[in-house]
Amino acid sequence: MPDPIALAFSGGLDTSFCVPYLREETGREIQTVTVDTGGFDEAEKAAIAARSEELGAAGHQMVDARRDLWDRVLQYLVKGNVLRGGVYPLCVGPERVVQAAALATAARDLGATAVAHGSTGAGNDQIRFDAALRLLADAGDGGPLEILTPIRALELSREASTTYLQERGFAVEAKTTEYSVNRGLWGTTIGGKETHDTDGVLPEAAWPDTIAPADAPDQPHRFLIRFEAGVPVAVAGEALDPVTLVETLNRDGAAHGVGRGIHVGDTILGIKGRIAFEAPGALTLLAAHRELEKLVLTQLQLVHKASLGDLYGRLVHEGLFFDPVCRDIEAFLDSSQQRVTGDVTVEWFKGSIRVLGATSPHSLFDAGVARYGEDNALWSGRDAEGFAQIYGLQARLAARAGA
């Protein structure tokens, strides 16, 4: 009997299409693999397994990779204060790193020589999956893995996939065709007809989890987030593991309407793309961590961290996480976080995230030494006058030279 095909399976429209199509076209068993990178409750996990069986898969497995996602990628997005375009917290790209790794491992365990995913030929995911799977296959035992991509190969629209499934008696929810929703630990992305235009506005019903800011509680919610060595460890005085902490912020932040956004950016293939997202936990943690760093790091640390954090985010987003340079940047980020310990006061109110202040045993803000704009104990007025005389000297000389 031919080797099975390991299919990355979410239960959504595209991966649902792949099960009967690959089975019919290849005559091989389809083993579905769902990698849990957040966003699934127990009912949804059961529904995904049932959908796999309904579609005719020979077997299904659920891999819990949430902690792996945090350890391998998300903690470094926090340490690097990574927001693509200053807006988007990379909800999807990090997931594909651990999903590809888990899929490759599952394929080897199943004796599969082929893996499949439901990415289209237009977006970033096809590149992320393909690049990671080829590298991981090269590094593993058993030879290369064939990569099958039916949606991309057939250039199918969502309407065509829907028709194919319905013709074979498989139900497809209407919302599945209208919107593409990807839930994960670091946030949820929403793509649909409004995101295909540069000024489309999502209707309220298209936001899956966050309450409308106007309908959020009329009283602000204020709380502390504690960081140790750059890693969040407690919320409102309760110590939590990283996965539970992020999930808690996502759930509670959604009730206050925080974390919504729309991002316009460049895809790996070089076209412009637009995506809506909900990321209460990610945006809250990034805002709090960034403020704490301002308190404890030197100016030069902040400057160089900003450039390296931006580069790291770009590499993760563009499917190059496995390049060795990412390990180099992670080592820098780890080193930079040694003194990033303290408490940050955050306030949620009707869709907004405000950082009200931070304290740290490693604070460089020393009111006993100097008060901005008033007086200090580190230099005299004469010292400052001499510094001001020299400061900007080259610019003056360039102006005299007519530059």
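Helix H4 supplies the largest share of the lining of the largest cavity, 3 residues. The model is a predicted one, and the count of cavities of 30 Å³ or more comes to 1. The volume of the largest cavity is about 50 Å³. Its lining is made up of Gly93, Arg96, Val97, Arg128, Ala132, Val316, Gly319, Leu320, Phe321 and Phe322. Two elements give two or more residues to this lining, helix H4 (93-110) and helix H5 (125-139). Sorted by class, the lining of the largest cavity holds 6 nonpolar, 2 polar and 2 charged residues.

Ala229 sits in the loop between strand E8 (221-228) and strand E9 (231-235). The phi of Ala229 is near 55°, a positive value in a residue other than glycine. With a relative accessible area of 35%, Ala229 is partly exposed. Ala236 lies in the loop between E9 and strand E10 (238-239). Ala236 is not a glycine either, yet its phi is positive, at about 55°. The relative accessible area of Ala236 is 57%, so this residue counts as exposed, the cut-off being over 50%.

The last stop is on the surface. Ile390, Leu393 and Leu397 make a nonpolar surface patch of about 280 Å². Of these residues, Ile390 belongs to helix H13 (residues 381-390). Ile390 has a relative accessible area of 58% and is therefore exposed.

Technical notes
Residues are numbered from 1 along each chain as its sequence is written. This is a predicted model: local features need pLDDT of at least 70, side-chain atom pairs count only at pLDDT 80 or more; totals for chains, interfaces and linings use all residues. Side-chain values use heavy atoms; hydrogens and water are left out. Patches are made of residues with over 30% relative accessible area and no salt bridge: like charges are joined within 9 Å, nonpolar side chains (Val, Leu, Ile, Met, Phe, Trp, Tyr) within 5 Å. Accessible areas come from the Shrake-Rupley method with a 1.4 Å probe; for residues, only the protein chains shown count as cover. A salt bridge is a side-chain nitrogen of Lys or Arg within 4 Å of a carboxyl oxygen of Asp or Glu. Helices (H or I, at least four residues) and strands (E, at least two) are DSSP runs, numbered from the N terminus. Buried means under 20% relative accessible area, exposed over 50%, partly exposed in between (1.4 Å probe, protein chains only). On a 1 Å grid over the protein atoms alone, a cavity is a set of points where a 1.4 Å probe fits but cannot get out, and a pocket is an open set with protein on both sides within 12 Å along at least five of seven lines; lining residues have an atom within 4 Å of a point. Grid points are joined across faces, edges and corners, and a volume is the space filled by probe spheres set on the points. Ala, Val, Leu, Ile, Met, Phe, Trp, Tyr, Cys and Pro count as nonpolar, Asp, Glu, Lys and Arg as charged, and the others, Gly among them, as polar.
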